Amino acid sequence: MLPGLAAAAAAHRCSWSSLCRLRLRCRAAAHGSSERQEWQNLVTLGSFSNVVPCSHPFICTLNQVKLYSTNVQKGQGSQSLSVDKVPSFDETAENIGAELKAPLIKQEPLQVRVKAVLKKREYGPKYTQNNFITGVRAINEFCLKSSDLEQLRKIRRRSPHEDTESFTVYLRSDVEAKSLEVWGSPEALAREKKLRKEAEIEYRERLFRNQKILREYRDFLGNTKPRSRTTSVFFKGPGKVVMVAICINGLNCFFKFLAWIYTGSASMFSEAIHSLSDTCNQGLLAVGISKSVQTPDPTHPYGFSNMRYIASLISGVGIFMMGAGLSWYHGIMGLLNPQPMESLLWAYCILAGSLVSEGATLLVAVNELRRSARAKGMPFYKYVMESRDPSTNVILLEDTAAVLGVIIAATCMGLTSITGNPLYDSLGSLGVGTLLGIVSAFLIYTNTEALLGRSIQPEQVQRLTELLENDPSVRAIHDVKATDLGLGKVRFKAEVDFDGRVVTRSYLEKQDFDQMMQEIQEVKTPEELETFMLKHGENIIDTLGAEVDRLEKELKKRNPEVRHVDLEIL
């Protein structure tokens with residue numbers, strides 16, 4: 001049976017080759033000799049079935065035809081050979097003709113969709129010429145006059161200052177062109193800038209000399225100027241407490257030194273040094289208070305309110321070095337070389353007077369701190385521990401230490417009078433020195449914390465945050481920082497995630513919808529779309545800036561202690 005199958009396959013191959021030659025002759029007659037030669041080469045190579053696309057099912061069937069298969073049944077030892085059905089010659093010819101008549105590749109029209117993309121712009125240094133510049137900067141940096149700016153284009157922009165709604169700016173390119181028109185060349189402009197810089201330096205030097213002469217003149221003839229704000233701060237609040245303390249401690253220091261000279265008591269010497277250090281430190285506090293109320297200037301835009309903390313810090317260091325140090329030294333020397341003391345009657349009288357005067361100063365300081373703590377809504381103890389009012393805090397602690405020091409000194413002197421042993425007096429000096437060391441350490445720590453930038457109360461931070469989060473244009477608040485600047489001033493900073501839809505709606509509410517729809521209908525090209533988006537995009541950014549200004553004003557209005565607000569767009 002196998003030889004018969006091989007003969008049938010050979011007959012099919014012959015019939016296949018004959019039909020292909022017939023088809024080639026027909027195509028050659030229609031398309032020319034070049035194509036005919038190509039088809040003949042393919043047939044000659046005997047690989048026509050390999051180059052015909054596999055999409056023709058009949059050709060693929062001929063390539064994959066199986067002539068026999070072996071079926072082995074389980075449990076049987078015999079094998080049966082089955083032969084597949086082979087198409088006849090006529091059927092093969094009809095199928096091949098139908099396949100060859102059909103086009104080899106079905107061609108469909110291609111639909112290409114082109115995406116309109118704007119050309120990417122390279123923003124070089126020249127693009128900054130579109131920046132705005134104020135009139136003051138134009139006059140100072142480009143050496144122009146006010147009359148020169150009148151000829152330039154004026155643009156009204158939203159003002160960054162709270163006291164004005166809008167202000168006039170100029171295009172930087174216009175200002176630069178005007179400066180070149182006025183001065184002729186960049187070199188001439190540079191020379192003029194140099195000359196003006198030299199004239200400004202000379203003016204400042206001359207102003208400094210004139211101010212010095214004016215001060216000398218006032219010192220010689222007397223200052224008839226009305227009382228300034230700096231002087232008025234010493235008649236109320238912490239300034240008043242400091243001035244009272246300076247007067248009382250100065251008198252106490254004088255009388256204590258007289259008593260020490262008369263008696264030679266180590267405890268009295270410690271008290272005299274204590275009063276001297278208190279007087280000097282309180283004078284330093286007065287300087288800090290007068291400096292802290294000065295108006296902010298360009299060099300110190302946030303003012304000088306931290307001068308109170310600086311003065312209190314230096315005061316704490318002075319108490320430690322001069323008060324505690326000298327008291328310890330004198331007490332140790334008294335223990336090593338005890339000396340007999342004279343009558344202590346005068347010392348007791350002076351200590352009694354000091355106790356009354358120091359107690360009166362302490363009462364004034366306590367009343368002032370209670371009033372300030374009540375105004376802030378804080379407990380008295382917490383207000384003192386956080387050093388919210390550094391100057392009054394120093395007076396409170398110094399007077400408290402003074403009262404306790406007087407009690408310690410009087411007790412030790414009494415023991416010395418009763419027992420006749422001068423060692424008790426030296427121990428009193430060491431006790432006063434230790435008390436002053438504790439007070440100075442507390443002042444140094446609290447004022448250092450304040451100078452490092454201390455946060456305000458968590459409840460107050462939460463109130464400010466909730467005020468922002470409840471606004472419709474705000475989605476979230478991040479990285480909130482609220483710092484106490486001193487003197488009841490707070491600086492608030494936060495990252496704000498704005499809702500762009502609300503901001504856009506607030507912009508659209510102020511627009512003419514009919515005009516905007518007409519502009520949209522006129523947009524036909526990418527360039528026109530770019531112009532439309534640039535126009536309204538810039539206006540939306542201005543609206544976002546106006547929203548930031550509105551939130552800052554709202555924060556300051558509801559919280560008067562907030563003086564500086566920095567809202568950064570996230």
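**Close-up views of a predicted model**

View A. Strand β6 and strand β7 (residues 489-498) run antiparallel and are joined by nine bridges. Strands (E, at least two residues) and helices (H or I, at least four residues) are DSSP runs, numbered from the N terminus. Within this pairing, K481 has K493 of β7 as its bridge partner. The model is predicted: local features require pLDDT of at least 70 and side-chain atom pairs count only at pLDDT 80 or more, whereas totals for chains, interfaces and linings use all residues. Residues are numbered from 1 along each chain as its sequence is written, and side-chain values use heavy atoms, with hydrogens and water left out.

β6 and β7 belong to an open sheet of three strands, ordered β6-β7-β8, in which the pairing is mixed; two strands pair if DSSP finds at least two bridges between them. The edges are formed by β6 (474-486) and β8 (562-569), each of which pairs on one side only. From one strand to the next, the twist averages 15°. Angles run from 0 to 180 degrees between N-to-C directions, and axes are lines fitted to C-alpha atoms, for helices over the stretch in contact. Helix α18 lies across β6, β7 and β8, and runs at about 145° to β6; contact means heavy atoms within 4.5 Å.

**View B. Helix α18 packed against helix α21.** Helix α18 (residues 458-469) and helix α21 (residues 526-558) pack with their axes 11 Å apart and at an angle of about 140°. α18 is therefore oblique to α21 (angles under 35 degrees count as roughly parallel, over 145 as roughly antiparallel, 65 to 115 as roughly perpendicular and the rest as oblique). On the α18 side L464, L467 and L468 take part, meeting L551, E554, L555 and R558 of α21. By class, the residues of the α18 contact with α21 are five nonpolar, no polar and two charged (Ala, Val, Leu, Ile, Met, Phe, Trp, Tyr, Cys and Pro count as nonpolar, Asp, Glu, Lys and Arg as charged, and the others, Gly among them, as polar).

View C. Helix α12 (residues 266-292) packs with helix α13 (residues 307-336) at about 170°, the axes being 9 Å apart. That angle makes α12 roughly antiparallel to α13. Their contact comprises 14 nonpolar, eleven polar and two charged residues.

With helix α16 (residues 390-419), α12 packs at an angle of about 175° and an axis separation of 10 Å, which makes α12 roughly antiparallel to α16. Residues of α12 in this contact include S267, M268, E271, H274 and D278, and those of α16 include S391, V394, I395, E398 and D399. The α12 contact with α16 divides into eleven nonpolar, six polar and four charged residues.

View D. Three bridges link β3 to strand β5 (residues 166-171) in the antiparallel sense, and F132 stands opposite L171 in β5.

View E. Rings of Phe, Tyr and Trp (its six-membered ring) pair if their centres lie within 6.5 Å; planes under 30 degrees apart count as stacked, over 60 as edge-to-face and the rest as tilted. By this rule there are three aromatic pairs. One of them, F257 with W260, is edge-to-face, at 6.4 Å centre to centre and 80° between the planes. F257 and W260 are separated by about one helical turn, because they are three residues apart in helix α11 (residues 237-263).
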